[in-house]
Amino acid sequence: MEIHRNEISTGILVIVALGILGGALVAIGMPGLIRPMNTFHVSFDNASGLHPGDPVLLAGRKIGEVTALESPVPMDRRPKGHEDYEVLIEVKVDKAAGVRSEVTARLFQQGLMGQQVIDFIEGNESSPLAPDHSVFVGERVPQLTEMAAENLDRLTGPNSDLAGIMRNTRQLTETVKKEPWRLIWKK
């Protein structure tokens, strides 16, 4: 009789533990199931490296995640004045986070080898809260490789200082070859 009672207690304990574990996994894996969420859409010119499940931040703290990416976006669905924005990103954020309608959405890479992140920053506190299904025009922060390529172009481009130095060196070399006396004798 005692063994039968222990078996029933153990069975109930296992069922309760599995229920708690299952509930925790559902709460973690399915945002919006327990807490109310807002769905926003953010347009970017490029979403290189961004994937569903990547974090969405509000001034640096996690409030949600990327749920879907659409690219290319039909021209009639692109934001006015940003017809070159080819990606529409769907994000789900905690409704209690308080994302304002006047806010900057930035896409950037966390760390040198980190994942891409969308961060809502610089919100206007006097603006109302953004309603569900609001659309934001985002700005992408250039990655380290893009900045390096841009700086390299600036250093080696046709109007750069380096190009000017090379022209002057070439002119000096030609002058020394044709008229070497000019190095020691002034006219």
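Two strands are said to pair if DSSP finds at least two bridges between them. Strands themselves are DSSP runs (E, at least two residues) and helices are runs of H or I of at least four residues, both numbered from the N terminus.

Good morning, colleagues. The structure before you is a predicted model, in which local features need pLDDT of at least 70 and side-chain atom pairs count only at pLDDT 80 or more, while totals for chains, interfaces and linings use all residues. Residues are numbered from 1 along each chain as its sequence is written, and side-chain values use heavy atoms, with hydrogens and water left out.

I begin with the barrel. Seven strands close it in the order 1-4-3-2-6-5-7, with mixed pairing. From one strand to the next, the twist averages 35°; axes here are lines fitted to C-alpha atoms (for helices over the stretch in contact), and angles run from 0 to 180 degrees between N-to-C directions. Strand 1, residues 37-44, runs parallel to strand 7, residues 135-140, and three bridges join them. His41 stands opposite Val135 of strand 7.

Which of its residues are buried on each side? Gln116, Ile118 and Phe120 are buried on one side, and Val117, Asp119 and Ile121 on the other. Buried means under 20% relative accessible area, exposed means over 50%, and partly exposed lies in between (1.4 Å probe, protein chains only). Strand 6, residues 116-121, thus has six of its six residues buried.

Strand 6 has two neighbours to consider. With strand 5, residues 104-109, strand 6 pairs in the antiparallel sense over six bridges, and Leu107 has Ile118 as its bridge partner. With strand 2 the pairing is parallel, over three bridges; there, Val56 stands opposite Ile118.

Strand 2, residues 55-58, also holds Leu57. Leu57 counts as buried because its relative accessibility is 7%. Leaving aside residues up to four places away in sequence, Leu57 touches Lys62, Ile63, Gln110, Val117, Ile118, Asp119 and Phe120, where contact means heavy atoms within 4.5 Å. Leu57 and Ile121 are 64 residues apart in sequence, and their C-alpha atoms are 8.5 Å apart in space.

Finally, the surface. Leu172, Val176, Trp181, Leu183, Ile184 and Trp185 form a nonpolar patch with about 720 Å² of accessible area together. Trp185 lies in the segment after helix 3 (161-178). Why does Trp185 count as exposed? The reason is its relative accessibility of 59%.

Technical notes
Patch = residues over 30% accessible without salt bridge, like charges linked within 9 Å, V, L, I, M, F, W, Y side chains within 5 Å. Areas by Shrake-Rupley, 256 points an atom, 1.4 Å probe, with all protein chains shown as cover. Salt bridge = Lys/Arg side-chain N within 4 Å of Asp/Glu carboxyl O.
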